[in-house]
Amino acid sequence: MREQTLLTREWVAAKQSFLDWESQPASFKQYPPFCYRVALNDHPSLKWLAQTRCITDEHTIAQRPYRRLNVPSAGNLHPIEIYIQIRNVTGLLSGIYHLDVVHEELVMIREIAGEGIEPYVGMEKRFSGVIAILTLVPFRSSWKYALRAWRYLYLDLGHQIHALCTSVRHFGFSLTKMSVNERLSTILGMGEDEVIGAVYGVGEMGERSVKALNSPLMRVQPTDYTETIDALMGAVKTAAVYTEIPETLFYEDFLSINRSRRSAREFYPNGMSDTVMRELMSIPVPDSLEILPFIFQAHAMQPGLYRNGECAVRGNFNSEIVHLLLDQRFISGSNMVVLIHAEHFSAETHIEAGIYAQELYRTCEHHNAICSGIGAFYDEEASRWSNKPLLYAVAIGGKV
Ligand SMILES: Cc1cc2nc3c(=O)[nH]c(=O)nc-3n(C[C@H](O)[C@H](O)[C@H](O)COP(=O)(O)O)c2cc1C
């Protein structure tokens, strides 16, 4: 998919067209009003779910609600939905539910008893607790980014997976790995325009056997209308469901970080300390990725490209990096930019880049710094810094 999703100078020049926001597809899936609903906040045992994906800022732009979430998303388009199977959770009917983020509700799609989705995720016994399914809705993103959306879907998914894992752990639970069967998507009633991206368990396997749910759930379109790009849907449908469980850092102030995190739109370079930059550079990196941190402005640290915490190539590369990142001007005020490269260009490595970047977001917020994921860059120009493909960048600096 790399070649089909490149950003080149010609492409960017041709694309300087006006986007009609009136035609933006719906960002949140809505089940019919007759479905049984429960308020998420009435169930303390599901606090982790309420914090996994939630609206943290809302205002009106051009008479339309503009909602931002705890997780960032390219273009704020949010091409993700979450479903859960609940079994044996006090105060809740066992069933399969959709997480309605706008209304902070769980919407029941099907009640369950002796049957469930366990056989579709590799389990022969009933799983007490929650099985969470994260799906992708490609049109929400391709509406704006066409084929380039392929990359943003998986980067966004990585951010969401990380947010899920940190939330689960903050509330004292752990994650169980699942092995996903290809029939899961059909049984969950997914149509052509929604694809399963990741699946996790939060709970424990019981003793009692379980029967496979044998008829698909009702099908509801995830957007109010859709336009299909065959090459995009073909690629998304063939990607494997992600089931790896990432390591995450523990921050006591998880709740406030999760609520207050925002993407930077400008920076205040004096507000950033060298210690925080060093701390950001020491975040564990998944084996699949190569991280190139560039320091532009610091108190005592040398500007340049860092490797293993040491300045490996001295120089101020601010203008080169801003240029690489499509000349997005606000980045010139950042203290550092981290380029995230990977050995392989795949859905999986994009997810892992998103996971890593979400940890940068959290660590920044924890230390009162700010950052922004940057998915728009001239791909070919990144080869100056690494022979591996560039997947993502994060610009970091002091809070204004
Ligand atoms: C995959 C990805 C790519 C992004 N690319 C850019 C970018 O190129 N330029 C930019 O200014 N912001 C970028 N962002 C930040 C989004 O614009 C931002 O997350 C969104 O507007 C929502 O705002 P919030 O993060 O403050 O909630 C990106 C975010 C993600 C997750």
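**An arginine and its surroundings**

Me: In which helix is Arg-140 found?

Reply: A word on the ground rules: this is a predicted model, in which local features need pLDDT of at least 70 and side-chain atom pairs count only at pLDDT 80 or more, while totals for chains, interfaces and linings use all residues. Residues are numbered from 1 along each chain as its sequence is written, and side-chain values use heavy atoms, leaving out hydrogens and water. Helices (H or I, at least four residues) and strands (E, at least two) are DSSP runs, numbered from the N terminus. Arg-140 is found in the run of residues 138–145, helix H3.

Me: Is Arg-140 buried or exposed?

Reply: Here buried means under 20% relative accessible area, exposed means over 50%, and partly exposed is in between (1.4 Å probe, protein chains only). Arg-140 has 1% relative accessibility, so this residue counts as buried.

Me: Which residue has the backbone oxygen that the side chain of Arg-140 reaches at 2.9 Å?

Reply: A polar contact is a pair of N or O atoms within 3.5 Å; within protein, one must be able to donate a hydrogen and the other to accept it, and residues adjacent in sequence count only if both atoms are side-chain atoms. A polar side-chain atom of Arg-140 lies 3.0 Å from the backbone oxygen of His-78. At 2.9 Å, the side chain of Arg-140 reaches the backbone oxygen of Pro-222.

**Loops**

Me: What value is phi of His-78 near?

Reply: His-78 sits in the loop between strand E3 (64–69) and strand E4 (80–87), and at 2% relative accessibility it counts as buried. Most residues other than glycine have a negative phi. His-78 is a residue other than glycine with a positive phi, near 50°.

Me: What is the phi of Asn-368, roughly?

Reply: Asn-368 has its place in the loop between helix H10 (347–366) and strand E16 (369–374). Although Asn-368 is not a glycine, its phi is positive, about 60°.

Me: Which residue has the backbone nitrogen that the side chain of Asp-379 reaches?

Reply: Asp-379 is in the loop between E16 and strand E17 (390–398). Its relative accessibility is 3%, so Asp-379 counts as buried. Its side chain reaches, at 2.9 Å, the backbone nitrogen of Leu-7.

**Cysteines and a helix**

Me: How many disulfides are there?

Reply: A disulfide is a pair of cysteine sulfur atoms within 2.5 Å. By this rule, the count of disulfides is zero. Cys-371, for one, is in no disulfide, as the nearest cysteine sulfur, that of Cys-364, is 4.1 Å away. Cys-371 is buried, with a relative accessible area of 1%, and the number of disulfides stays at zero.

Me: How far does helix H4 reach from its first C-alpha to its last?

Reply: The expected span of a helix is 1.5 Å times one less than its number of residues. H4 (residues 149–170) has 22 residues, of which 20 are buried, and Gly-172, with a positive phi near 85°, follows this helix.

Me: Which are the edge strands of the open sheet of seven strands?

Reply: Two strands pair if DSSP finds at least two bridges between them. The order in this sheet is E1-E6-E5-E4-E8-E10-E9, with antiparallel pairing. Within the sheet, E5 (residues 95–100) and E6 (residues 105–111) pair over six bridges. Pairing on one side only marks the edges, strand E1 (37–39) and strand E9 (176–177).

Me: Which residue takes a positive phi in the hairpin of E13 and E14?

Reply: Strand E13 (residues 304–307) is joined by four bridges to the antiparallel strand E14 (residues 310–314). In E14, Cys-311 is the bridge partner of Tyr-306. Two residues lie between the strands, and a positive phi near 50° is taken by Asn-308.

Me: How much of the ligand's accessible area does the protein cover?

Reply: Counting a residue as near when one of its heavy atoms lies within 4 Å, there are 21 residues around the ligand, and those that come nearest are Arg-261, Arg-262, Ser-263, Arg-265 and Gln-328. A polar backbone atom of Ser-73 is 3.2 Å from a ligand oxygen, and a polar side-chain atom of Ser-372 lies 3.4 Å from a ligand nitrogen. Accessible areas come from the Shrake-Rupley method with a 1.4 Å probe; for residues, only the protein chains shown count as cover. Of the 620 Å² that the ligand has on its own, the protein covers 91%.
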